[in-house]
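Please keep the sequence and the structure in view while reading.

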Amino acid sequence: MDFELNEEQKLIKEAASNFANQVLLPTILERDETQTFPTQEIKQLAELGFMGMMVNPIYGGSGLDTLSYVLAMEELSKIDAAASVVMSVNNSLVCWGLEKYGSSQQKEKYLPNLCNGEKIGAFCLSEPEAGSDATSQKTMAVKKGDYYEITGTKNWITNGSSASIYLVIAQTDPKKGYKGISVFIVEKDSPGFVVGPKENKLGIRSSDTHSLQFNAVKVPIENRIGEEGFGFTFAMKTLSGGRIGIAAQALGIAAGAYELALNYAKQREAFGKSISQHQAIAFKLAQMHTKIEAARNLVYKAAWEKDQGMNYDLSGAMAKLYASEVAMKVSTEAVQVFGGNGFVKEYHVERLMRDAKITQIYEGTSEIQQMVISRAILKN
Ligand code: CAA
């Protein structure tokens with residue numbers, strides 16, 4: 001068993017950490033307050049090769065492994081989980097799904113711009129009445145000759161207005177239930193496609209989350225990914241990898257909050273000594289450190305399994321379930337270590353605590369992860 005990162009992975013981790021500290025940190029307080037999308041920052045991330053990290057270089061990607069992607073997500077999320085979710089959705093939900101299941105024409109047409117930052121992708125599965133219950137798709141895609149007409153509403157879509165390429169899950173044959181669900185590539189300028197108002201969120205406020213409306217949007221047949229009826233499998237397979245990315249984000253939020261708390265505890269004095277010298281705080285730090293290390297092992301193991309070509313549905317779900325719990329616990333404790341200052345925005349820990357919550361919700365809630373895990377372990 002080798003726990004050592006290779007040279008390339010170490011470089012990726014360092015590059016992501018430098019980027020987070022030098023580029024994201026100076027603007028995050030303002031972007032969080034004003035809910036401003038990190039447009040320039042995402043372009044710079046693309047220049048680093050982080051928007052298509054696992055995509056084959058023949059399509060303009062960086063051709064890196066999943067562990068490298070996880071390391072980058074972790075480092076960026078220590079500082080700015082809003083920027084990292086933009087990157088995560090583009091990498092694991094859009095580029096990965098397109099590269100794995102798209103046709104050669106679809107890959108050649110869409111992947112280069114998704115990798116170089118010209119375009120951003122969004123993944124459109126959730127609906128007002130189909131969140132956790134993802135098989136209950138109401139959005140319809142009706143075949144009319146050489147195109148489909150898509151009608152329906154999607155909710156809570158990350159990159160909702162900043163994206164140009166949308167992977168849209170829709171029902172093509174309601175009689176077949178989830179076996180009648182298909183997936184389409186929809187371009188933003190398609191007539192009938194409307195981006196709804198931006199959600200005013202608790203956390204990851206600098207990312208843009210919108211509802212989307214499809215009013216008889218015409219999509220050519222060649223924009224369907226795979227066969228009719230493949231859409232639900234596509235969504236599940238894609239989300240299995242996405243969950244590793246969100247687990248890495250949760251890990252990063254926890255690690256970022258812990259590092260802030262550790263430094264603060266060493267400097268802040270109370271009762272004649274640094275608060276880290278008080279057992280009440282030292283034990284909190286010990287708990288935080290241990291939980292983060294356990295989460296890190298689960299997240300890296302899931303990434304490793306994916307890189308080995310193994311099934312990672314279970315390990316990805318466990319990594320997300322645990323890392324998101326750790327993100328919530330550790331960031332809340334970090335605020336406690338900071339005391340009154342923890343409640344003040346300029347110390348950053350309250351933002352990390354707000355950002356942590358979504359990791360227990362998106363790409364499958366903690367309850368859904370427990371469904372996936374329990375079904376896997378009870379299967380035999
Ligand atoms: N790979 C391949 N197939 C899978 C699969 C997987 N990982 N998981 C399920 N399936 C298949 C099942 O095998 C089954 O097919 P068969 O009948 O042929 O065997 C079919 O899909 C239906 O599965 P279930 O019977 O398990 O369906 P269910 O309704 O009981 O449960 C679920 C499905 C796991 C709960 C699923 O609906 C789910 O994952 N829900 C959560 C949805 C989610 O994660 N949404 C996130 C939105 S995207 C987002 O958040 C992005 C963002 O903006 C950041």
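Which element provides the largest share of the shell around the ligand? That share, six residues, comes from α6, where helices are DSSP runs (H or I) of at least four residues, numbered from the N terminus. This is a predicted model, in which local features need pLDDT of at least 70 and side-chain atom pairs count only at pLDDT 80 or more, while totals for chains, interfaces and linings use all residues. Residues are numbered from 1 along each chain as its sequence is written, and side-chain values use heavy atoms, with hydrogens and water left out.

**The ligand and its shell**

- Around the ligand there are 25 residues, of which Ser132, Thr158, Tyr178, Arg243 and Arg375 come nearest; a residue counts as near if one of its heavy atoms lies within 4 Å of the molecule.
- Divided by class, the shell has 12 nonpolar, seven polar and six charged residues, with Ala, Val, Leu, Ile, Met, Phe, Trp, Tyr, Cys and Pro taken as nonpolar, Asp, Glu, Lys and Arg as charged, and the others, Gly among them, as polar.

- A ligand nitrogen atom lies 2.8 Å from a polar backbone atom of serine 132, and a ligand oxygen atom lies 2.6 Å from an N or O atom in the side chain of threonine 158; a polar contact here is a pair of N or O atoms within 3.5 Å.
- For glutamate 363, a polar backbone atom is 2.9 Å from an oxygen atom of the ligand.

**The ligand's pocket**

- The space that the ligand takes is the largest pocket, a pocket being an open set of points on a 1 Å grid over the protein atoms alone, with protein on both sides within 12 Å along at least five of seven lines, and a molecule sits in it if more than half of its atoms lie within 2 Å of its grid points.
- Two or more residues of the shell come from each of α4 (81–101), α6 (231–267) and α10 (366–378).

**Cavities**

- The structure holds two cavities of 30 Å³ or more, a cavity being a set of grid points where a 1.4 Å probe fits but cannot get out.
- The largest cavity, with a volume of about 50 Å³, has a lining to which α6 gives the most, four residues, and its lining residues, which have an atom within 4 Å of a point, include Met54, Trp96 and Lys306.
- The second largest cavity has a volume of about 40 Å³, and among the residues that line it are Met54, Cys95, Trp96 and Glu99.

Notes: Polar contact = N/O pair within 3.5 Å; in protein donor to acceptor, adjacent residues only side chain to side chain. Points joined across faces, edges and corners; volume = space filled by probe spheres on them.
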